[in-house]
Amino acid sequence: MALACPTCEESAAEYLGMADDGRNMMRCTACGHEWVLGAKPVSPRAISQTTRSRGTGTSRSTTRGTRTPASRAPTRSSTSVTGSAGRTAGTRGPVRPARSAEDVETARRRFTATAADVPPERWRVIDALRREFLADFPHPDEEAGRYRDVYRQAFEADALPYTTPNALRDFANSKVVARPGNMSRFNDEWRALGSQRAAEAFRGVIEHLLRGEDPPAPEDRLTELITSDTPPAMPGFREAMLTRVLCIAEPERFLPILIYTSPAGGKREIARQVFGLELPAPETSSQTIGRLAYWSNDLLVELIGNRFVDLDHARQFLWWVKDHPDLR
């Protein structure tokens, strides 16, 4: 099976060389993400120390929601409903990164691109192309609207616990309301867990994304779910599908453009190609991926204004116009 990128889930990995510690350095040719493959080698001394201290350790609970006594630092279990099945002993998913010390409001002020930065001449071209587009496509896809309404109800707090495993898996593999990309890793995880446990993990992701309280900022919950494999995250449930959930749950806010940056066209590329705005590159920015995903979405929604029937209609226009020769 081809190696899938941990960011965009595309099976488009290429070998870059060997890292200093002997692991393989990889790069995704689809989205440009680079990572080191494999667990970091452990020294013999560390292994012997771990072995000596194991006799005094306590077993860790795999029950979701178990609280650590106040006298101990909180830990996160390494075996879980999403992490124990279908995984070779001794391996683990990406380590959850430390949360940014910078609060959301302060960081948001550094995301400075605005509609005022678009040159007047660019606006004139965009308005002319918008009229051309609306003459040929005056209405959005009706099937997408009906599909969105059904799953929007299914993801509400009182309905989510009763949404069937089949409905959840169908959602993950559907192309309606934007295509989430290669879902092979998600489907492998689903088969390894079995439908009932996989559906439980799936519901946990959606509940945390839409209504979680820790961290309180939704941008930071999105980052945690993108970058972790431990609950409430789920392997294979990454940026594209998480953003698709947001598009279903809040269709008045979220454009069905599912990736922040991608050579095929993410929000960053559309901001550049359509509006001439340069947004931060994830690999050089101190901003987290969840914050970039949220704020680039809000910027694009501001830029398109109230010129379309809904945001799915606006997404169709942006996808149609991004490679238009008049914008080059």
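This report walks through the aromatic rings and salt bridges of a predicted model.

Because the model is predicted, local features need pLDDT of at least 70 and side-chain atom pairs count only at pLDDT 80 or more, while totals for chains, interfaces and linings use all residues. Residues are numbered from 1 along each chain as its sequence is written, and side-chain values use heavy atoms, with hydrogens and water left out.

**Overall picture**

The protein chain has twelve helices and three strands; these are DSSP runs numbered from the N terminus, helices being H or I with at least four residues and strands E with at least two. Of its 328 residues, 45% are buried. Here buried means under 20% relative accessible area, exposed over 50%, and partly exposed in between, using a 1.4 Å probe and protein chains only.

**Aromatic rings**

You will find 18 aromatic pairs in the structure. Rings of Phe, Tyr and Trp (its six-membered ring) pair if their centres lie within 6.5 Å; planes under 30 degrees apart count as stacked, over 60 as edge-to-face and the rest as tilted. In one of them, Tyr 151 and Phe 171 are tilted, at 5.1 Å centre to centre and 45 degrees between the planes. This pair links helix α4 (residues 142-154), which holds Tyr 151, to helix α5 (residues 165-173), which holds Phe 171. Both Tyr 151 and Phe 171 are buried.

Trp 190 lies in helix α6 (residues 184-193) and Phe 202 in helix α7 (residues 195-211). Trp 190 counts as buried because its relative accessibility is 2%, and Phe 202 is buried too, at 0%.

**Salt bridges**

The count comes to 16 salt bridges, each a side-chain nitrogen of Lys or Arg within 4 Å of a carboxyl oxygen of Asp or Glu. Three of them are listed here.

| Residues | N to O distance |
|---|---|
| Glu 102 and Arg 110 | 2.7 Å |
| Arg 291 and Asp 220 | 2.8 Å |
| Glu 278 and Arg 272 | 3.0 Å |

Arg 291 is buried, at 2% relative accessibility, and Asp 220 is buried at 16%. By contrast, Glu 102 is partly exposed at 25%, as is Arg 110 at 41%. Elsewhere, a network of salt bridges links Arg 185, Asp 229 and Arg 238.
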